[in-house]
Amino acid sequence: MNSELITLEVCVIALGVVLLLADLFMPPERRRFLGYAAIAALGLLLLTSLSGYGICSQTGTAFSGSFVEDALAVFFKRFFIIAAILVLFMSVEFSDRIATGISEYYSLIIFALSGMLFAASANDFAMLFVSIELITITFYVLTSFQRGRLVSLEAGVKYLILGALSSAFLVFGIALVWGTTGKLNFNELALVASQFAGNKIFLLGVLLVLVGLGFKIAAFPFQIWAPDVYQGAPTPTTAFLAVGSKAAGFVLLLRVLFTAVPSVTAHWANLLIVISGITILYGNLCAIPQRNLKRLLGYSSIAHAGYLLLGVAALAGGVHNSTAGGSALLYYLAGYLFTVLGAFTVICLVMRRLENEDISALAGLNQRSPLLAATLSLAMVSLAGIPPLAGFFGKFLLLKAVIEQGATTPGYYCLAFTALAGVVISLYYYFGVIRAIYWSTDAPDLSPIALSAPAKVSLWICIVGMFWIGLFPSVVLNLATAAAQVLK
Amino acid sequence: MSILTYIAGWPLLAALALIVVPRNYRVVIRAVAVLATLIPAVLAVKMFVQFIPGVNGYQFEQQIPWVESLGISYHVGVDGLNVGLILMGAIVAFAAACCSWEIKEREKEFYILLLVMSGGILGAFASLDLFFFYFLHELALVPTFIMIGVWGRGERKNYATFQITLYLSIGALIALIGLIALYLQSGVNTFDIPKLIEHARANPLAASAQNYIFPLLLFGFGILVSLWPFHSWAPLGYGAAPSPTAMLHAGVLKKFGLYGLIRIALPLLPQAAHDWMAFLAWLCLGNILYVGWVAMRQKDLNLLIGNSSVAHMGFIFLGIASLNLIGVTGAVVIMIAHGFLAALTFALSGYIYQQTGTLEMSKLGGLCRQLPFIGTALLMAALAGCGLPGFANFVGEVTVFFGAWTVFPLVTALAVWGALLISALYMLRAMRDVLHGPLPEKWAALPDASHVWRRLPYALLLASLFVFGCFPRLLTDKITPDAAKIVSLAAPAGTADKTVVRIDLSELRTSTLRSRATAEDGPNSELRN
């Protein structure tokens with residue numbers, strides 16, 4: 001059985017339940033501090049997983065091969081825990097805007113985290129579906145958590161309808177795959193998939209699974225929900241959606257494409273190239289006219305899904321049997337984590353009393369709080385891919401992986417140039433944000449913004465993360481390379 | 001630690017330090033910036049003096065592994081090609097910091113960006129690793145856009161910022177694709193330039209690969225250097241830029257693309273370089289003749305200088321295109337000379353703009369009476385720009401023409417017109433309009449650059465032009481041995497097997513001596529006339 005492999009997941013679920021129970025014994029005014037308890041517990045789990053003993057130290061499969069613990073899973077589990085910690089910091093700051101039930105909010109984040117942890121280890125279509133639903137259903141609630149705000153409810157309903165639709169596609173696809181091959185386990189499927197490479201129903205099944213996952217990562221043409229939901233959802237939810245949910249979609253996409261049906265993927269490289277290219281252009285072009293900061297980041301997250309798909313497309317090329325695309329993708333995600341969470345933390349703190357998150361609200365931020373101004377500017381610079389921050393080296397690795405594949409398929413060169421066009425377009429709107437911070441002439445409100453000590457800690461974690469990953473890429477890159485080896 | 005690390009590191013460290021200095025300590029901020037560029041300038045002079053010409057390999061080398069799995073390391077070193085460029089860059093950076101007194105608002109941010117730009121570009125020239133070469137250039141490039149966008153001048157500031165950002169980002173990224181493709185094609189899993197060259201010498205890249213990588217580098221770098229017809233960002237951008245930014249960009253940062261062509265494209269892609277050079281030679285006529293012509297019609301002094309700076313790039317491209325020792329040596333000499341010259345002219349026009357608030361030549365006039373120092377310096381800069389003997393530009397241009405004549409006689413014959421006639425025409429006409437004639441009354445009380453600190457940057461840049469103009473051997477002795485290596489590597493592989501290459505090398509050594517003689521004879525013979 002090997003059931004000790006899921007110790008981490010069990011601990012996280014237990015933490016969520018304990019938070020719910022603790023809520024009963026806490027006076028309402030102190031419930032927000034439960035968030036710090038959850039952060040401490042997750043921090044402990046993260047340190048244990050990094051220590052090399054106990055959780056995340058063993059590899060293998062459990063539950064008849066449906067759960068796998070390998071380098072890829074461990075990489076993503078650490079990623080998700082760090083994301084959850086930073087999102088919890090943000091939630092504590094956000095708690096005054098949630099009228100009732102802040103501890104439910106914390107525990108729902110923890111439950112979503114457990115879904116992501118299972119997704120990282122999913123090696124079976126059943127496990128894939130269950131983990132995705134665990135993530136998605138908790139996000140329906142998290143999105144519409146500000147019950148008093150119409151936009152939040154609207155976002156929740158949109159996410160619910162489109163999410164349910166994508167789940168339907170996903171489960172239909174799984175049914176078709178199972179109906180034709182009789183396999184659910186990825187490894188078993190890989191052995192027989194090549195026999196079914198000409199079977200149209202099987203291919204349709206795989207395609208529908210990709211549709212479901214494409215919705216999660218907000219890739220074209222399933223990106224339509226992202227801007228609305230990003231804009232309407234409470235900021236910590238948006239942040240977790242942008243980082244956690246997207247990364248979970250990517251780990252499942254990698255597992256399906258390169259563990260379950262590698263023989264099909266090899267023929268679909270062109271499809272991935274086209275999707276990646278269009279996603280990059282769509283996200284970047286649509287971000288240009290946006291005035292709402294969260295909506296802008298919504299489009300930017302679509303563009304980044306496109307950049308990450310560069311890595312997937314490069315992996316599908318298969319020249320030299322190279323996993324450079326995979327390691328580039330994982331490295332990029334690591335940089336993206338600190339960058340995006342840094343940006344959303346700033347939004348959460350600045351827009352505390354504002355109904356709309358317009359870019360003009362950033363005017364004079366430089367004088368109101370230099371730390372917030374610096375964090376947001378660095379995040380924008382990193383997203384734009386400018387040295388010496390994390391985004392630059394990540395984009396460099398992705399481009400390198402794509403060009404490496406260009407030796408056989410010229411389409412990859414077109415993709416590389418499309419990505420460049422995207423990068424150049426993105427400079428415009430990222431610098432627009434920086435300009436609003438430092439150089440707007442009319443700042444209506446110049447009152448200093450008070451920052452709590454934990455908020456400062458999380459901002460510094462993001463800043464250090466962006467610089468550390470950008471300036472000393474070796475550590476993360478080695479982890480990412482080891483994790484990508486799994487996909488060979 | 002290599003002296004090069006200090007040269008590039010001081011400005012970057014100072015930029016970090018300035019972040020914590022409160023913004024109302026203006027004197028401290030300025031002092032830190034000037035000091036952090038003065039130290040590299042002094043160190044660069046020391047390095048230049050200590051440099052031993054003709055030594056095999058690189059000097060002042062330092063290598064620290066950075067990402068071992070990809071073969072990226074922090075590797076700096078100089079040979080004859082970049083030792084002069086680093087000296088020029090460090091002096092121009094110091095001059096630019098001195099000239100930054102014209103910036104009156106948001107000084108702290110300006111100096112931070114200026115220091116990042118200086119450190120980045122000095123590091124890029126010192127770098128012997130493809131990745132850091134690009135990385136540090138990008139680090140220096142982005143502040144340029146911000147500086148033009150925020151501290152720029154004129155009504156067309158936003159348009160100019162937009163255009164320069166678009167052009168240069170696209171150029172840099174095209175070059176990046178070329179560099180990555182080069183790394184992947186070589187297959188040695190290293191970004192180390194000496195190792196790549198060593199590897200390419202033994203097993204050159206396939207001709208098909210060379211043929212698609214070379215255009216990427218040529219046009220990517222070409223856009224960065226304002227190669228015709230991708231030059232339109234330059235005059236506009238420089239016209240809108242605050243003068244320290246224009247000095248650093250036109251003087252130093254722009255030479256990155258040319259340096260990249262010589263250092264990377266020629267030795268690693270010799271076959272393709274050979275095929276593309278005739279095309280490049282014709283393109284550079286576009287720079288020299290067409291842009292020269294455009295410069296003649298300018299009414300704004302800064303646009304005129306900007307166009308003339310684009311036109312000068314044509315000579316450097318012509319030197320590179322000639323692919324022989326004399327031409328490449330000349331190209332490097334012009335790169336250095338033009339760096340001093342562009343910085344000097346933009347600094348002077350910046351001073352005039354600061355005092356008068358306009359650079360429209362019809363509104364100026366007779367300024368030499370009020371501004372004897374600035375006026376004289378501007379006149380000398382203009383004469384240097386026309387290629388007057390005694391200034392470093394003359395040495396470079398005449399060397400390039402000697403080199404290019406043997407390969408492209410027709411192009412050279414046409415280019416000489418650009419050098420002698422067109423540039424003399426627009427430069428002298430501009431000097432007449434600005435410096436001579438009746439002095440409009442409103443300029444009657446203009447103050448000249450009076451005290452030593454104000455005069456220092458202009459004097460320093462002029463002196464550098466003079467020194468290298470009168471003693472070109474200071475440069476050419478250092479450049480030729482390494483230019484000879486590049487030229488021998490760029491000799492088409494198909495024409496010779498190994499033994500013949502060795503003979504070629506020995507011949508080149510003799511032609512090295514010959515070209516030294518030419519480089520010296522050039523100015524002297526002209527002076528005698």
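User: Where does B:Pro229 lie in chain B?

Analyst: B:Pro229 lies in the loop between α8 (207–224) and α9 (233–240) of chain B. Helices are DSSP runs of H or I with at least four residues, strands are runs of E with at least two, and both are numbered from the N terminus. The peptide bond from B:Trp228 to B:Pro229 is cis, with omega near 5°. In chain A, the bond from A:Phe220 to A:Pro221 is cis as well, with omega near 0°, and A:Pro221 is found in the loop between α8 (200–217) and α9 (226–232) of that chain.

User: What conventions apply to the model and its numbering?

Analyst: This is a predicted model, in which local features need pLDDT of at least 70 and side-chain atom pairs count only at pLDDT 80 or more, while totals for chains, interfaces and linings use all residues. Residues are numbered from 1 along each chain as its sequence is written, and chains are lettered from A and ligands numbered from 1 in the order in which they are written.

User: What is the mean pLDDT of chain B, and where does pLDDT stay under 50?

Analyst: The mean for chain B is 84, and 93% of its residues reach 70 or more; pLDDT is the predictor's confidence in each residue, from 0 to 100. Over residues 494–529 of chain B the value stays under 50. For the complex, the predictor gives an ipTM of 0.86 and a pTM of 0.89.

User: Why are α12(B) and α18(B) called roughly parallel?

Analyst: Helix α12 (residues 270–296) and helix α18 (residues 409–435) of chain B pack at an angle of about 20°, with their axes 9 Å apart. The axes are lines fitted to C-alpha atoms over the stretch in contact, with angles running from 0 to 180 degrees between N-to-C directions. Angles under 35 degrees count as roughly parallel, over 145 as roughly antiparallel, 65 to 115 as roughly perpendicular and the rest as oblique. The two helices are therefore roughly parallel to each other.

User: What makes α17(A) oblique to α19(A)?

Analyst: α17(A) and helix α19 (residues 453–471) of chain A pack at an angle of about 40°, with their axes 7 Å apart. That angle makes α17(A) oblique to α19(A). A:Ala390, A:Phe392 and A:Phe393 in α17(A) meet A:Met466, A:Ile469 and A:Gly470 in α19(A), a contact being two C-beta atoms, placed from the backbone, within 7 Å.

User: How do you know that A:Leu378 is buried?

Analyst: A residue is buried if 20 or more other C-beta atoms lie within 10 Å of its own, exposed if 12 or fewer, and partly exposed in between, with C-beta atoms placed from the backbone. A:Leu378 has 24 such neighbours and therefore counts as buried. The place of A:Leu378 is in helix α16 (residues 370–384) of chain A. Not counting residues up to four places away in sequence, A:Leu378 touches A:Leu389, A:Ile463 and A:Met466.

User: Why is B:Phe60 called buried?

Analyst: B:Phe60 has 20 other C-beta atoms within 10 Å and is therefore buried. B:Phe60 is found in strand β1 (residues 59–67) of chain B, and has a positive phi of about 55° although it is not a glycine.

User: What makes B:Leu323 count as buried?

Analyst: B:Leu323 has 23 C-beta neighbours inside 10 Å, so B:Leu323 counts as buried. B:Leu323 lies in the loop between α13 (301–322) and α14 (325–356) of chain B.
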